[in-house]
Amino acid sequence: MFIINCPYCGDRDQTEFSCHGEAHIPRPTETAKMTDDEWGEYVFFRTNPKGYHRERWLHDHGCRRWFNALRHTVTDEFVATYKIEDPRPPIPGEGGRS
Amino acid sequence: MDNPVIATPLNAAKIDTDGLTVAELGHTSKVNLRGDFSSSTVNNALTTLLGMESTLAPNAFVSNGASTLFWLGPNERLIYTDSDPETIASQWRDQVGTGAVDVSDYSTVLRLSGPKVRDVIVSGAPFDVHPDEFKVGQCAQTRFGNASILLSNHAETPVFQMQVRWSFAEYAFEYIKRVANYV
Ligand SMILES: [Zn+2]
């Protein structure tokens, strides 16, 4: 049981939220020109890191807004949550790499 | 013209036990409003349509007697109103140009009062309703059991309101009734 900070509502219990996978995957623009391999890459392939991960979250039982989180996939540590339009907070210990 | 009595999912059911009183409110007109609540257009519309101002902190509500305005999200508010919801919704769409939907029959409202209220709420909600954290005038969308609810604090005594979806009303009511026996 842990607490997640919704950028709109503040600290709330994790059971109000759901996670929807990796964030910052832009939808391709020239979709008519894409090969099956490129579509497969876009739809199915994810970085799946053991470590810090940027992911999309939804505050289902709360304000029903989408936001992003930077979370460690092993320790479950939430480094930061941020609005879709916000700049990406840096990954800890990597000299500000985002 | 007298308004006809409009059905609610629990038919005005009540719970009256030691330390807890629960009653379903009568049918309440509700309108969901979308828009940029920092804009003067929205502020003007709220003033002319409801006599209210758009300044509202997150997770707060304000009432002027005839209408109550709840914060639901940065660009979303909910009103309970004595006015005709369809008229408000269409005038909002005309004046502001963003969405307004009559959601009167989307949910019902339970009024909970008595010293056991907080214990009953925390038995199903993962939300801190301690008086230092959840004060009069605050509201929160959260969870009660498996039902999404809009919880609001109306008086120190305390008096809470729980808005719950029509199809979850019986579930939430039954949950409260059973919990009331052992909190
Ligand atoms: Zn939220």
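A residue counts as buried under 20% relative accessible area and as exposed over 50%. Keep these cut-offs at hand for the exercises. The model is predicted.

**Exercise 1. Decide which residues of helix α1 in chain B are buried and which are exposed, and where they lie around the axis.**

Step 1. Find the helix. α1 of chain B covers residues 40-50.

Step 2. Val42(B), Ala45(B), Leu46(B), Leu49(B) and Leu50(B) are buried.

Step 3. Ask what covers the buried residues. The cover includes the strands β3 (29-34), β5 (67-73) and β6 (76-81) of chain B. Helix α2 (85-96) of chain B is also part of that cover.

Step 4. Check what follows the helix. Gly51(B) comes after α1(B), and its phi is positive, near 65°.

**Exercise 2. Describe the site of the zinc ion: its donors, its geometry and the parts of the chain it links.**

Step 1. List the donors. Cys6(A), Cys9(A) and Cys63(A) each coordinate the zinc ion through SG. His59(A) coordinates it through ND1. The distances are 2.0 to 2.5 Å.

Step 2. Check the angles. Four donors count as tetrahedral if all angles lie between 85 and 135 degrees. The angles here are 100 to 118°, and the site is tetrahedral. For comparison, the ideal angle for four tetrahedral donors is 109.5 degrees.

Step 3. Read the spacing in sequence. The donor residues follow C-x2-C-x49-H-x3-C.

Step 4. Cys6(A) is in strand β1 (residues 3-6) of chain A. His59(A) is in the loop between β4 (52-58) and β5 (66-72) of chain A. The two are 53 residues apart, so the pair links distant parts of the chain.

Step 5. Check burial. Cys6(A) and His59(A) are both buried.

**Exercise 3. Find out whether the radius of gyration of chain B agrees or disagrees with that of a compact globule.**

Step 1. For 183 residues, a compact globule would have a radius of gyration near 16 Å.

Step 2. Compare. Chain B has 17 Å, which agrees.

Step 3. The C-alpha trace of chain B spans about 50 × 40 × 25 Å along its principal axes.

Step 4. In chain B, 51% of the 183 residues are buried.

Step 5. Name the elements. Chain B has 4 helices and 11 strands.

Key
Residues numbered from 1 in each chain as written. Chains lettered and ligands numbered in written order. Predicted model: local features only at pLDDT ≥ 70, side-chain atom pairs only at ≥ 80, totals over all residues. Heavy atoms only, no water. Donors = N, O, S within 2.8 Å, 3.2 Å for Na, K, Ca; no water. Tetrahedral: all angles 85-135°; square planar, octahedral: opposite > 155°, others 65-115°. Buried < 20%, exposed > 50% of the residue type's maximum accessible area, 1.4 Å probe, protein only. Rg over C-alpha atoms; globule rule 2.2 N^0.38 Å. Contact = heavy atoms within 4.5 Å.
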